[in-house]
Amino acid sequence: MTQSTEQTRPTLIDGMGRKIVNLRISVTDRCNFRCTYCMPADNVEFMERGELLSFEEITRIARIVSSMGINRLRLTGGEPTMRKDLPKLIRMLDAVDGIDDIAMTTNAFFLKDQANDLKEAGLQRLNVSLDALDKEKFRHVNRRDCLEQVLEGLKAASKAGFKSIKINAVAVKNFSETEILRLIEMGRSDGFEIRFIEFMPLDSDQVWERDKVLFGHEILDIIKAKYELVPISNSLEIGPASEYNFADGKGKIGIITAVSNPFCDHCNRIRMTADGKLRTCLFSTSEYDLKKLIRSEATDADIVETILGAVALKEPGHKINLDDFERPTRAMHAIGG
Ligand code: SAM
Ligand code: SF4
């Protein structure tokens, strides 16, 4: 980790006055799972390998954005652990001046073999996606029969000593209700914060409907029937989740009400797809082609100008709840969640 945070270029502040400090980098659109809320069951068209940014190209962008005040990176995908030599990329990013924090979101399938190398390379924090602890339900939602491997991956990650491991579960009506307390009990006993994310209209199958979302208040009702919760007052200023401590002092939970009460006012992130497109919102309908710039003669100053222009126009918020909502053309696995 390089903690010199000397900033040499204009700060990334958008038109709403939000300071952008966080870049999510998708390293692949490929995945070994086919989660129903994200990918189709089959016939997925993936990006050509030559379209993916190389590690050097990703690191060049990281260097540029860190000089504009971004100090936190999150690797995602698709499934980031499917990208060959990922620890090498992490080492390269960790050496970038001003980057204080590197995190990753993963389905944990490959962590049994990779957790130690990732940690050693400089990865600090992990978000593991796990929607169900019931084997059949897991198979149904992830379209893969591999709950055991995921739990082993989680165990390996715990042993590797990451600064934090959070578990993300997508909250889907008539599916997640039975899993909420099970996940919470695992979190409380094994020391993971469990975070429930309202199902968003980003699924390739385009089956999302408002009626299929298990809303934050419904999740809280289920939890409060068994546990007393104490809200953490400033959590939305720090991240996307409304967080609660358990009143008995044993752990905390988070609820990401991306649909019912979006955190857009506090959003401090931008994203880069695996094929080098800058997106200023998960729900952006337009993108900025950084790969084209990188693979031409563009100077760092040209890239800075494009990023500044993009951030200035960052969407005030998503429009899921408005009549003129337009789904992004990319599904979640190709954006980088
Ligand atoms: N494959 C990795 C994983 O699943 O953790 C990283 C990529 S995945 C697209 C990132 C996150 O997006 C995961 O936590 C996943 O559960 C979440 N996600 C995917 N589709 C979603 C949707 N339609 N609504 C809400 N969250 C979603
Ligand atoms: Fe793969 Fe993650 Fe999408 Fe599931 S949510 S299909 S694990 S990219």
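Which residues form one aromatic cluster? Select Phe33, Phe109, Phe110 and Phe138, and you have it on screen.

Before you go on, here is how to read the model. It is predicted, so local features need pLDDT of at least 70, side-chain atom pairs count only at pLDDT 80 or more, and totals for chains, interfaces and linings use all residues. Residues are numbered from 1 along each chain as its sequence is written, chains are lettered from A and ligands numbered from 1 in the order in which they are written, and side-chain values use heavy atoms, with hydrogens and water left out.

**Stop 1: the ring pairs**

There are five aromatic pairs in the structure. Rings of Phe, Tyr and Trp (its six-membered ring) pair if their centres lie within 6.5 Å; planes under 30 degrees apart count as stacked, over 60 as edge-to-face and the rest as tilted.

Select Phe33 and Phe109. Their ring centres are 6.1 Å apart and their planes stand at 80°, so this pair is edge-to-face. Phe33 comes from the loop between strand 1 (22–26) and helix 1 (55–66), and Phe109 from the loop between strand 3 (101–106) and helix 3 (111–121), so the pair ties together parts that are 76 residues apart in sequence. Those labels follow DSSP: helices are H or I runs of at least four residues, strands are E runs of at least two, and both are numbered from the N terminus.

Now colour by accessibility. Buried means under 20% relative accessible area, exposed over 50%, and partly exposed in between (1.4 Å probe, protein chains only). Phe33 has 2% relative accessibility and counts as buried, while Phe109, at 24%, counts as partly exposed.

Next, select Phe283 and Phe325. Here the centres are 5.8 Å apart and the planes at 65°, so the pair is edge-to-face. Phe283 sits in the loop between strand 11 (277–279) and strand 12 (288–289), and Phe325 in the loop between helix 10 (300–312) and helix 11 (332–335), so parts that are 42 residues apart in sequence are tied together. Phe283 is buried at 9% relative accessibility, and Phe325 is partly exposed at 22%.

**Stop 2: charges over rings**

A charge sits over a ring if NZ of Lys or CZ of Arg is within 6 Å of the ring centre and within 35 degrees of the ring normal. Pick Lys137 and Phe175: the charged end of Lys137 sits over the ring, 4.8 Å from its centre. Then pick Arg188 and Phe246, where Arg188 lies over the ring face at 4.6 Å from the centre.

**Stop 3: around ligand 2**

Which residues are around ligand 2? Select Cys31, Phe33, Cys35, Tyr37, Cys38, Met39, Gly78 and Asn107. To be near a molecule, a residue needs a heavy atom within 4 Å of it. By class, this shell has six nonpolar, two polar and no charged residues. In this scheme Ala, Val, Leu, Ile, Met, Phe, Trp, Tyr, Cys and Pro count as nonpolar, Asp, Glu, Lys and Arg as charged, and the others, Gly among them, as polar.

**Stop 4: the core**

In soluble globular proteins, nonpolar side chains tend to be buried together. A nonpolar core is a set of buried Ala, Val, Leu, Ile, Met, Phe, Trp, Tyr and Cys residues joined through side-chain atoms within 4.5 Å. The largest one here has 105 residues, and Phe196, Ile223 and Ile307 touch the most other members.

Zoom in on Ile307. Leaving aside neighbours within four places in sequence, Ile307 is in contact (heavy atoms within 4.5 Å) with Leu12, Ile64, Val65, Met68, Leu278 and Leu290. Now show Pro10, in the segment before strand 1.

**Stop 5: a few loop and strand residues**

Thr28 is in the loop between strand 1 and helix 1 and is buried, at 4%. Stay in that loop for Asn43, which is exposed at 73%. Phi of Asn43 is near 55°, a positive value in a residue other than glycine. Arg143 also has a positive phi, near 55°, and is found in the loop between helix 4 (135–142) and helix 5 (147–160).

Finish at Ser129 in strand 4 (residues 125–129). Not counting residues up to four places away in sequence, Ser129 touches Thr105, Thr106, Asn107 and Asn168.
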